[in-house]
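Me: I have a model open and would like to go through a few residues with you. Could you start with how the strands are assigned?

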Amino acid sequence: MPTSTEVAVPAGTHGFSFDVAYFSSEYPEFVGKKFNDMFIGWLEASNWTGNIAFDQNGDPLSLNAAFLELFDDNGDLPEFANTCMRYSAGTRWLTSSAAVVPGEQITLVFAIFDLDDVNWDSFVLLDNFRWSCGEVDGPVTEPA
């Protein structure tokens with residue numbers, strides 16, 4: 001379900017960042033398939049409108065994302081121990097950043113989409129939203 005927030009960029013602020021981790025139980029059945037669940041962080045601002053949470057190929061975070069590196073094939077991956085993600089896949093923490101204009105109103109939407117099935121789910125963890133007073137390149141998403 002999308003979550004949308006409209007906010008005024010604080011004076012003296014030139015960007016923001018947040019941390020995101022993507023996980024999917026669609027692994028391994030849907031790897032390389034056209035229809036995958038996906039996550040986007042959509043920014044509407046004067047200097048950028050579009051997705052700001054993507055892999056190094058510019059694709060939304062999904063089971064086919066280039067940042068996907070946790071694969072629990074045997075159900076014994078320590079990162080997924082005692083969670084609902086055993087036998088699934090995911091990313092490590094990533095940081096998405098974007099430049100904004102001080103004082104402007106921006107809209108930020110976080111949305112995860114379940115595409116073409118009702119049996120397999122994906123989810124994201126979002127954390128550590130922060131404003132930046134220094135210049136910010138981007139949008140960019142990279143390992144945290």
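Reply: Strands here are DSSP runs of E with at least two residues, numbered from the N terminus. In this predicted model, Asn 51 lies in strand β4, which covers residues 49-51.

Me: Is Asn 51 buried or exposed?
Reply: Asn 51 has a relative accessible area of 15%, and because buried means under 20%, Asn 51 counts as buried.

Me: What does the side chain of Asn 51 reach?
Reply: The Asn 51 side chain comes to 3.0 Å from the backbone nitrogen of Gly 41, and a polar atom of that side chain also lies 3.0 Å from the backbone oxygen of Ala 53. Leaving out residues up to four places away in sequence, Asn 51 touches Ile 40, Gly 41, Trp 42 and Pro 60.

Me: Switching topic, which residues touch the most other members in the largest nonpolar core?
Reply: Those are Phe 16, Phe 39, Leu 43 and Leu 61, in a core of 24 residues. Strands β2, β3, β8 and β9 each supply at least two residues of this core, and the largest share, 4 residues, comes from β2. Apart from this core lies another of 6 residues, including Leu 70 and Phe 80.

Me: And what about Ala 99, where does that lie?
Reply: Ala 99 lies in strand β8, residues 94-99, and is counted as buried because its relative accessibility is 16%. Beyond the residues up to four places away in sequence, the contacts of Ala 99 are His 14, Gly 15, Leu 43, Asn 47 and Val 136.

Me: How far apart are Ala 99 and Phe 30?
Reply: They are 69 residues apart in sequence and 34 Å apart in space, C-alpha to C-alpha.

Definitions and conventions: Residues are numbered from 1 along each chain as its sequence is written. This is a predicted model: local features need pLDDT of at least 70, side-chain atom pairs count only at pLDDT 80 or more; totals for chains, interfaces and linings use all residues. Side-chain values use heavy atoms; hydrogens and water are left out. Buried means under 20% relative accessible area, exposed over 50%, partly exposed in between (1.4 Å probe, protein chains only). Contact means heavy atoms within 4.5 Å. A polar contact is a pair of N or O atoms within 3.5 Å; within protein, one must be able to donate a hydrogen and the other to accept it, and residues adjacent in sequence count only if both atoms are side-chain atoms. A nonpolar core is a set of buried Ala, Val, Leu, Ile, Met, Phe, Trp, Tyr and Cys residues joined through side-chain atoms within 4.5 Å.
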